[in-house]
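Hi,

Here is the structure I promised to pass on. Have a look at it first, and then read on for what turned up.

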Amino acid sequence: YLYSNIELQGLLTHQKFDGSVQIDDPNGQLDFNGKVDMSGEIPHFNFSALLANVQLDRLKLMPSLKDGVLSLSVETNFEGDNVDDLVGEIKLSEGLLFTPEASVDLDSLTIRASRINEGKRLVLKSNFAEGELVGYYNFAHFNKTMENYLGCFLPSFIQPYEKGQIARKNDFRFDFRLREVNKLMAVLLPGVVVSDEGRIQGRFN
């Protein structure tokens, strides 16, 4: 997708940007203000952004969400080059996710990630769920870890990885409490009905 009506103001030097970006595209608006530092070994992000009337399917962000529209405010201060190495905080607020069939308010969603003696700690707080995940997690390689795990029990269907090819370590515990989940499911997975409240707790190793 080719975005239009982009205005950029700020200082760009040595893989660092400090300034603002405004996008007034027919399929969505963005107002970004802050800093992005890609000069070091670990990228650092500290910015706020306002998204308004973002047409998720037309921008090819979520093609399956037909006529889906998203508006929200974002505040971030974190470092890391992928979700597995994230350290810091991301906060979403004043949000609305709309489809012709349903809509859901995203009043507050906060994700905090930190390093601890046990590996890493990921804390989620929102109006739909809250809880934590603690240990060593590698979401980017989680599917390979599951394939290897299932391959040990179903070798005729799934070939386990040989030594030296094992996916990165996933060893974590989790505990999440869910509430008002059906409002979110009605938008993302219409037709799927789950209990509005519940608890998911366990360990993966």
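What covers the buried residues of H2? Among the elements doing so are S6, S7 and strand S10 (171–179). Bear in mind that this is a predicted model.

The helix itself, H2, spans residues 181–188, and its buried residues are Val-181, Met-185 and Val-187. They sit on the same side of H2, because the arc they cover around the axis is only 160 degrees.

Now for the strands. S6 (residues 87–98) runs antiparallel to S5 (residues 69–79), and 10 bridges join the two. S6 and S7 make up a hairpin, with four residues between them.

Last, the surface. There is a nonpolar patch of about 770 Å², made by Tyr-1, Tyr-3, Ile-6, Leu-61, Met-62, Leu-188, Leu-189, Val-192 and Val-194. Tyr-1, one of the patch residues, lies in the segment before strand S1 (6–13). Tyr-1 counts as partly exposed because its relative accessibility is 43%.

Cheers

Methods. Residues are numbered from 1 along each chain as its sequence is written. This is a predicted model: local features need pLDDT of at least 70, side-chain atom pairs count only at pLDDT 80 or more; totals for chains, interfaces and linings use all residues. Side-chain values use heavy atoms; hydrogens and water are left out. Patches are made of residues with over 30% relative accessible area and no salt bridge: like charges are joined within 9 Å, nonpolar side chains (Val, Leu, Ile, Met, Phe, Trp, Tyr) within 5 Å. Accessible areas come from the Shrake-Rupley method with a 1.4 Å probe; for residues, only the protein chains shown count as cover. A salt bridge is a side-chain nitrogen of Lys or Arg within 4 Å of a carboxyl oxygen of Asp or Glu. Buried means under 20% relative accessible area, exposed over 50%, partly exposed in between (1.4 Å probe, protein chains only). Two strands pair if DSSP finds at least two bridges between them. The arc is that of the directions from the helix axis to the C-beta atoms. Contact means heavy atoms within 4.5 Å.
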